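Please walk through this structure with the text below as a guide. The account begins at the ligand and then moves on to other parts of the chain.

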Amino acid sequence: MISLWFGFVAVTLAFLFMQLSRKDKRELPGPVAFPILGNIVQMMSAFQTYTYPFTHFAEKYGEIYRLKLPFDEMVVLASYDAVNTVLSKEESFGRDLSGIMIDRNFGQNIGMLFGNGEMWDKSRKWIVRNLRDFGFGKSHLLEASVNNEIDNFLDNLEEREKDPCKIILPVSQTFLVPVSRVMYKMMAGYDTKIENETLLEMNQQTSLMEKASGITGTVGAALAMYIPQIRFIFPEWTGRNVQLSCRETMQKESRKLLAVAKDKMSKSGVQADSLTEKFVLQMKEESKLKINSGIFTDLSHDILFADLFQASSNTTASYLEAFFLFMILYPNVQEKLFRELQDTIPDGHEITYHDKNRMVYAQAVMLEVHRVAKITQHLLPRRAITDFDYKNFRIKKNSIIMADMNSLFNNPGIFQDPLSFNPERFIDANGSLVNEKLVIPFSVGKRSCPGELFADVTAFLMAMHFINKYKLSTVPGEPKPKEAMHIGITSCPYEFSMLMTKRQ
Ligand code: HEM
């Protein structure tokens, strides 16, 4: 027993010695790694001690460093230069499909969110190109759909309340349904009806899946990222069961849409009025030509549907929650925004996305909400496709690449007094917008978020509708809501309510 113990100590010491006297000057800095465990112990301790554990490591190891995991190496980017350079290189265009995310994708390389290589490239190009026909981005179709959703939402709310001029609205999860309905209609067609309950269920399952996933999820899920086999032994603990249940819910809805679209597109002379109908046309085309790209199958529709639904709703709705949180915590900002809105649309015309160009203060507020809230704190992990260099450092093939947005957005050298909510930081002495390029919540490069414009149009129109119609405030008698975010794959404010008093 004693010799075994000595053996272990000797191996550990030899390993540490080898690490400390590492020869390759291009090796990334990082904490001393232990045999088998790598840096798991240091990471667990940092995650328990610090709100921003990656920033804690960055303070020690600089703008780019590595954390060793039992079977993997994680590279963390912690400066603008590192994020912009590394994430724009094609070598970083792989996506990390590990742990219970393998189950999400039915164990296959398909789709846009977690797809890799040629499959990802082709799927992304087809989806983005075709979604444009149905209003993706800046278009009257999208604006009309958002305005319609928010009008319905507010009408229903006022009808339900005893005093429609003073409404207490629990904000958490409230925007999931209107936001996801806009996305859903783009995929399914503007005439398609879907129950609020179905949308809510898909969103709730997605939230549960996100909470149970990844490095910021449960310990079990984080471990399954490195030892995927354990998810079969502990399906509950690792979040595999939650993932499978979410997958089933999304697949059920996807198949319903496909069945309706296949039926419609089987008739001659009909045109495709939704993404799913275009998808079915493409399926028919491939079958006629006897080719199979693998992109147009029932299963890949399931994943595409889940990709668009899951990537769009939680993110945009959480951003809106954060926007309203800061509006009630900073009433002066809200009042200034309201005055700018009044000056921009003095004739009372319905607010359009075009009006945003003339609203410098609104743009500054929206940027500041992104900066402070950091909805995707670590962006979405990538994988290095091959070895490549950043400055004098080597990023090894298969490394998981994460970004630490806190190190960027809360850097006092870049944003003075970074912890204070201050939209004015984005406006110069001449009243022009400045430093907007420093806010990169949608990431950078060819693998950045394709939904940026959709999210911005949706959030801007929904937020301005509220500001125009109601004065928003904290609820008297309730504790002041927390300014900090609940950090996850998608971060969001802790539960809070707001009082909406109708403006005259
Ligand atoms: C506030 C809202 C949003 C934020 C903060 C956000 C942020 C992000 C980030 C950081 C990524 C990872 C990009 C990378 O790896 O470099 C991403 C990917 C993605 N987002 Fe968004 N997103 C938002 C809204 C949306 C919306 C509305 C949609 C869809 C309409 C969408 C669809 C996607 C998709 C499909 C991907 C995967 C892209 C790929 O891997 O090629 N997102 N998003």
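**Around the ligand**

Helix 14 contributes the most to the shell around the ligand, with 7 residues. The model is a predicted one. The shell has 28 residues, and those that come nearest to the ligand are Ala311, Ser312, Ser443, Cys449 and Gly451. Two elements each give two or more residues to this shell: helix 14, spanning 298-329, and helix 18, spanning 452-469. Sorted by class, the shell around the ligand holds 16 nonpolar, 7 polar and 5 charged residues.

Cys449 deserves a separate look. The UniProt record, an unreviewed entry, places the feature "binding site" at Cys449. Cys449 sits in the loop between helix 17 (405-409) and helix 18. Is Cys449 buried or partly exposed? Cys449 counts as partly exposed because it has 19 C-beta neighbours inside 10 Å, whereas a buried residue needs 20 or more. Leaving aside residues up to four places away in sequence, Cys449 touches Phe442 and Ser443; Ser443 is also among the residues that come nearest to the ligand.

The next stop is helix 3. Helix 3 runs over residues 53-61, and its buried residues are Pro53, Phe54, Phe57 and Ala58. These four cover an arc of only 140 degrees around the axis, so they lie on the same side of helix 3. In an α-helix there are 3.6 residues a turn, so residues three or four places apart point the same way. What covers the buried residues of helix 3 includes helix 2 (40-49), strand 1 (64-68), strand 2 (73-77) and helix 17. Just after helix 3 comes Gly62, which takes a positive phi of about 100 degrees.

Strand 4 gives another case. How many of the 5 residues of strand 4 are buried? The number is 0, so strand 4, residues 166-170, lies largely in the open. Strand 4 pairs with strand 12 (residues 497-502) in the antiparallel sense, over 5 bridges.

The last stop is Ser245. Ser245 belongs to helix 12, which covers residues 240-265. Ser245 has 13 other C-beta atoms within 10 Å and is therefore partly exposed; a residue is exposed if the number is 12 or fewer. Ser245 and Ile110 are 135 residues apart along the chain, and their C-alpha atoms are separated by 19 Å.

Conventions
Residues are numbered from 1 along each chain as its sequence is written. This is a predicted model: local features need pLDDT of at least 70, side-chain atom pairs count only at pLDDT 80 or more; totals for chains, interfaces and linings use all residues. A residue is near a molecule or strand if its C-beta atom, placed from the backbone, lies within 6 Å of it. Ala, Val, Leu, Ile, Met, Phe, Trp, Tyr, Cys and Pro count as nonpolar, Asp, Glu, Lys and Arg as charged, and the others, Gly among them, as polar. UniProt positions are given in the numbering used here, feature names are shortened, and annotations may be inferred rather than shown by experiment. Two residues are in contact if their C-beta atoms, placed from the backbone, lie within 7 Å. The arc is that of the directions from the helix axis to the C-beta atoms. Two strands pair if DSSP finds at least two bridges between them.
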